[in-house]
Amino acid sequence: MSDRDSLAPVEFIPGDRPDEPPEDGIGLCLSGGGYRAMLFHLGALWRLNLAGYLPKLKRISSVSGGSITSAILGLAWSRLAFDHNGVADNFEPLVAQPLRRLAGRTVDRPAVILGLLFPGRASDYVARAYRAIYGAHKLRELPDSPAPRFVINATNLQSGALWRFSKTYMRDWRVGGVVNPDVELAVAVAASSSFPPFLSPTVLHLKSTDFAPGSGAELQREPYTSEVFLTDGGVYDNLGLETVWKRYATVLVSDGGGQMAPQERPKGDWVRHTLRVLDVIDNQVRSLRKRQLIGSYKTAPGTTEHREGAYWGIRTDITHYELEEVLPCPVESTLKLANEPARLARMQRTTQERLVNWGFAVCDAAIRKHVDGAISPPTGFPYPSARVG
């Protein structure tokens, strides 16, 4: 491994050019974390909208709960009425309301039960539930340039590589790529949020002829090209960094993931023991990527490792930004929100609104501190009566 590789928060693969500088542009990464992250990211997007930043984004890369949010934004994009300042005044009904409706419904537990009792996998029933907000719309209906490219990330369990869904392709660098895939948005998001072990895997049934000739490396062959076994995108890249950090000079990261709590007596049964092991792995990988991301912000400008941008997390203390005008977000209240379970389980209305408010407030502080100090402070929360606690 070169020094260049060790400094980067992503893995370089054949075809990447790590020594070339990134291109100008802003990319946004949305992490996983179930409904908790979905709503936290909704707040961040709400703030970016009011700041006129949504049309400035070149790419939105997402995993798991972040993909639920990203996909609804992508589906609504062509109907968002952006004014001359880049602000869409119909953001709330087109983006926030569908996500709020989904957050009022438990998806994960019924999907597991139905997957055990009836034909199909749990992930099939997750996709069925997602059709309540995405309908039967497909990847090809995501917007064209100059809108951002929406990249929904899953993990290929066969190759161990990242599987990317977008409007124009889905691919894994080892298996190859399918051009203009005929895949439902609900299925792509279900694959991205197929959290193991209960909701995983999502299986795509394809044909070898679907893949562009010569688009993969050593695994572009049966059975890798006929049945693709996918799991949660956060297994490979829990911040959704891969497709943005490699390409763009400005990287914004919204992290709605949790933090592993200590456990005095870890459980010995295989289910709870496996979940604890997965928590340890996720916690360590997330921490490493975060440290390397922050390091890239601090690296000297002009180097290939340097990125502009900002990171904000659900466990951030807003006072650390040292801004005079921030929305009131007591850390004891925001930590309570950060400790909400990372499930696809019904949330109370007030909790939903507080998570949205918290994402809105901390995104605002991070952007004004590290990206654009000319942005005016917000006048209040999206849901003023709920505050953050």
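Does S70 count as buried or exposed, and at what relative accessibility? At 1% relative accessibility, S70 counts as buried, where buried means under 20% relative accessible area, exposed over 50%, and partly exposed in between, with a 1.4 Å probe and protein chains only. The model is predicted, so that local features need pLDDT of at least 70 and side-chain atom pairs count only at pLDDT 80 or more, while totals for chains, interfaces and linings use all residues. Residues are numbered from 1 along each chain as its sequence is written, and side-chain values use heavy atoms, with hydrogens and water left out.

S70 is placed in helix α3; helices (H or I, at least four residues) and strands (E, at least two) are DSSP runs, numbered from the N terminus. When neighbours within four places in sequence are set aside, S70 is in contact with L30, I60, S62 and F150, contact meaning heavy atoms within 4.5 Å.

Helix α3 (residues 65–76) also packs with α4: their axes come within 10 Å and cross at roughly 145 degrees. Such axes are lines fitted to C-alpha atoms, for helices over the stretch in contact, and angles run from 0 to 180 degrees between N-to-C directions. The crossing of α3 and α4 is right-handed; a crossing is left-handed if the near helix is turned anticlockwise from the far one by less than a right angle, and right-handed if clockwise. On the α3 side, I68, T69, I72, L73 and A76 meet F91, L94, V95, P98, L99 and L102 in α4. The residues of this contact divide into 10 nonpolar, 1 polar and no charged. In this division, Ala, Val, Leu, Ile, Met, Phe, Trp, Tyr, Cys and Pro count as nonpolar, Asp, Glu, Lys and Arg as charged, and the others, Gly among them, as polar.

Aromatic pairs were considered next. Rings of Phe, Tyr and Trp (its six-membered ring) pair if their centres lie within 6.5 Å; planes under 30 degrees apart count as stacked, over 60 as edge-to-face and the rest as tilted. By this rule the count comes to 6 aromatic pairs. The rings of W46 and F91 have centres 5.7 Å apart and planes at 55 degrees, so this pair is tilted. Because W46 lies in helix α2 (residues 34–50) and F91 in helix α4 (residues 91–103), the pair ties together parts that are 45 residues apart in sequence. Both W46 and F91 are buried. The pair W163 and F165, with ring centres 6.3 Å apart and planes at 65 degrees, is therefore edge-to-face; W163 and F165 are buried as well. Ring pairs also link W46, F91 and Y383 into a cluster.

Two further helix contacts involve α6. The axes of helix α5 (residues 108–117) and helix α6 (residues 122–134) come within 7 Å and cross at roughly 130 degrees. This makes α5 oblique to α6, given that angles under 35 degrees count as roughly parallel, over 145 as roughly antiparallel, 65 to 115 as roughly perpendicular and the rest as oblique. The crossing of α5 and α6 is right-handed. Here A111, V112, L114 and G115 in α5 meet A122, Y125 and V126 in α6. By class, this contact has 6 nonpolar, 1 polar and no charged residues.

Helix α6 packs with helix α7 (residues 185–192) at an angle of about 130 degrees, with the axes 8 Å apart. The two helices α6 and α7 are therefore oblique to each other, and their crossing is right-handed.
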